[in-house]
Amino acid sequence: MTRPLIIAVDGPAASGKGTIASRLARTYGLPFLDTGLLYRAVGMGVLASRASLDDESAAVAVARSLDAATLSDDPRLMTGEAGEAASRIAGYPGVRAALLDLQQALAHQPGGAVLDGRDIGTVIAPDAPAKLFVTATAEVRAMRRWKQLTGRGDAIAYEDMLADIVRRDERDAGRGAAPMVQADDAVLLDTTEMDIETAFDAARRIVEAARVRNGL
Ligand code: C5P
């Protein structure tokens, strides 16, 4: 029996991983999950319930009652506030445990799937035959995010964006529970000098090589 084509795409904020992952899913006709949305929804759910982001049990309760089917089109989840809230609650082991089954079930469908996040290649699907770790310098990532947010009318200074990105990287990489780290068998894709087309072509070549290697 052939293994499912699970494509794990990890990396820091604004590295290009979300765009690359969703385009890979379209290219290979696979289901796609942006796992950051789950954490963003939990963070915003905690804020909506007027609990503190420091309240681990409140965050775990929100994570356990999360309805993943309702997430995809909520623009509030794409704000800087949601990203920051997500990164605050993502360090709680109980939150990560509550979101584990849903992610693993999606990853391990018979035909495979594409997931993007921070711990897909290390925790959610360590058995994935194709793993990418997509990154870029903090300055380039901050500039991309700044252009995106100011382009849609948000007033934010580049320096604040850079500080946010650096703080989030440190928190995501420094936490004890499932820290953001490149899996040993993931291929590093540094998109600092690449536009999105070049980055996507490079990602597709990495997946093609993994398919050949694994007979998929
Ligand atoms: O990828 P995105 O920016 O949407 O993720 C928001 C936050 O959610 C990240 O900064 C990280 O703290 C958390 N996250 C995580 N594990 C994942 C996906 C996201 O801890 N698999």
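**View 1. Helices α2 and α4 sit roughly perpendicular to each other (that label covers angles of 65 to 115 degrees).** In this predicted model, local features need pLDDT of at least 70, side-chain atom pairs count only at pLDDT 80 or more, and totals for chains, interfaces and linings use all residues. Numbering starts from 1 along each chain as its sequence is written, and side-chain values use heavy atoms, leaving out hydrogens and water. The axes (lines fitted to C-alpha atoms over the stretch in contact, angles from 0 to 180 degrees between N-to-C directions) of α2 (residues 36-48) and α4 (residues 80-89) cross at roughly 95° and come within 7 Å. Both helices are DSSP runs (H or I, at least four residues), numbered from the N terminus.

View 2. Arginine 40 puts a polar side-chain atom 2.6 Å from a ligand oxygen; for arginine 168, a polar side-chain atom lies 2.7 Å from a ligand oxygen.

Conventions:
Helix = DSSP H or I, 4+ residues; strand = E, 2+ residues; numbered from the N terminus. Parallel < 35°, antiparallel > 145°, perpendicular 65-115°, else oblique. Polar contact = N/O pair within 3.5 Å; in protein donor to acceptor, adjacent residues only side chain to side chain.
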